[in-house]
Amino acid sequence: MGTYKCCIFFTRRFALGEASTPEDVRTLFSRFSGGTPYMGVDELRRYLAATGEPDADGDGEMDGAERIVDRMLQGRSRTPRFGKPALTVDDFHSFLFSEELNPPIRQAKVHHDMNAPLSHYFIYTGHNSYLTGNQLSSDCSDAPIIKALQIGVRVIELDMWPNSSKDDIDILHGRTLTAPVSLMKCLTSIKEYAFVASPYPVIITLEDHLTSDLQAKVAKMVLEVFGDILYYPESKHLQEFPSPEALKGRVLLSTKPPKEYLEAKGGTMKDRGTEPKFSKGENEESAWGREVPDIQDELQDANKHQDDLLYRERDVDEDDEKKACKNAPLEYKHLITIKAGKPKGSLVDALKSDPDKVRRLSLSEQELAKVAARHGPNIVSFTQRNLLRIYPKGTRFNSSNYNPFLGWVHGAQMVAFNMQGYGRALWLMNGFYKANGGCGYVKKPDFLMQTCPDGKVFDPTADLPVKTTLKVKVYMGDGWQQDFKQTHFDSYSPPDFYVKVGIAGVPSDSAMKKTRVVEDSWVPVWEEQFTFQLTVPEIALLRVEVHEYDVNEDDFGGQTVLPVSELWPGVRTVPLFDHQGIKFKSVKLLMSFEFV
């Protein structure tokens, strides 16, 4: 019994017993055990094979079914019946409700073709990777770089500025109050942690604000730190990017053609005595809780407020960049593998491909929305050979993020996110890159790489037919009592949990649904099913959020995001994560997935 004090003289008692085994689980058990009260190794092996378990037949001394039975009987301290190991229905339920033995993701290793050019992949990309907090006044450090690499991020961004004495290089967010960290420290940490989570290439994008003598110093540092693992081409321009497989264990540099460093006339914020200010709702605490905006709304809004941005001459003049390149050290230029830049002309002109060379183009989330509203297929066509990087708008002072699908549906490979922030948008990003073994590279669907004989490419705004239907059932949840204090959710009673389940993807696929509220239970049972029709399942994500109902504002009970393409059909255990994306020790849901 759980006891809660309601006042000085009155207490309330609540039963804390385990929830019963769901009826669907009992039905599965009966079906594969042949109606007997025990399921032996052979029967479990048939169940695993029927649900697509790749290790059902084993790979050595003990196969998958034998290992599971052995683990379950050891864990429950049960002696095998008459020397023949077998599971009861409760054992079978415990197996299904085990994250280690019955995870929701089909593939735990790299399984995409990794031999295509880099432009054929979505790449896990960070923005201002050195910042520990907000964009205006937080410290710069190698700690967030290390953290990003440890979760599989493959693109690290560094902003290079001369230090105060103009004889070395600092990494900081220029013209703000951010405290710098040295370039050498960042490079050393990148080398140490580059391949702890993935063997595939790390790309360092450099924002260069240096004089030519400091650029030469950067080249020396980079060669000294990375040595043979630094990849750079012999030719001046690449006609096609190398593949992730060919670049395994290598580090690449990407930056704009070097320019002469021009000291800002207005100085930094610190020089001007300016303090950073957050507008209402943009403080650090509120950043995690906002709902991700619908990309259809963003496109419509961008279309309403079209200006001449798409067609006017851009500020960047290619002739000026050519002049600047002449002043840049030869070795520094030679080390840049992925050349970035915005050619002279309009934004629409910048999306034209050069048949003789490939490059990287960077657009803000606002620029992307504006050009996508009218020229979406142009973006798709550009990203078939070239790299497109999208970065957060400048007013995201709190290090919040945007809807990554606006970039993904147009083929943008580098959708750059503030990894040090929190929130639903970042949950989507982290969930997306659980695909392909979490290696940081996800191969783009074929439809984003195909060009029809008439020259047409995929149009993200077109009406598309339904390809598949996903049925999701939420059975029950457990683990909160182990991971939270008794009064964390409610001082006077056990929590009142409900689950939100939905799809993030193209506008026609995106939806959120919810279960009923189960009152006063640490082990809630819902047994509710939801159906989602999907037109683009290849990039769709399953969203799961657990809320603890409150009259004023719901409390957070956990979340996860899973790639639909990697879901393992059948009854599965779904572990949940906290606001920051850290997995809870015990909190999990029992769910089922079915494609029809």
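User: How many aromatic pairs does a search of the whole structure find?

Analyst: This is a predicted model, where local features need pLDDT of at least 70, side-chain atom pairs count only at pLDDT 80 or more, and totals for chains, interfaces and linings use all residues. Numbering runs from 1 along each chain as its sequence is written, and side-chain values use heavy atoms, without hydrogens or water. Rings of Phe, Tyr and Trp (its six-membered ring) pair if their centres lie within 6.5 Å. Over the whole structure, the number of aromatic pairs is 21.

User: Which class does the pair of Phe-29 and Phe-92 belong to?

Analyst: Planes under 30 degrees apart are stacked, over 60 edge-to-face, and the rest tilted. The centres of Phe-29 and Phe-92 are 5.8 Å apart and the planes make 50°, so by the class limits the pair is tilted.

User: How far apart in sequence are the parts that Phe-29 and Phe-92 tie together?

Analyst: Helices here are DSSP runs (H or I, at least four residues), numbered from the N terminus. Phe-29 belongs to helix α1 (residues 23-33) and Phe-92 to helix α4, so the pair links parts separated by 63 residues.

User: At what angle do α2 and α4 cross?

Analyst: Axes are lines fitted to C-alpha atoms over the stretch in contact, with angles from 0 to 180 degrees between N-to-C directions. The axes of α2 (residues 41-50) and α4 (residues 89-96) come within 13 Å, and the crossing angle is roughly 35°.

User: Which residues of α4 meet α2?

Analyst: Contact means heavy atoms within 4.5 Å. From α2, the residues are Leu-44, Tyr-47 and Leu-48; their partners in α4 are Phe-92, Phe-95 and Leu-96.

User: How many nonpolar residues has this contact of α2 with α4?

Analyst: Leu, Phe and Tyr are among the residues counted as nonpolar. The contact has no polar and no charged residues, and its nonpolar count is six.

Key. Helices (H or I, at least four residues) and strands (E, at least two) are DSSP runs, numbered from the N terminus.
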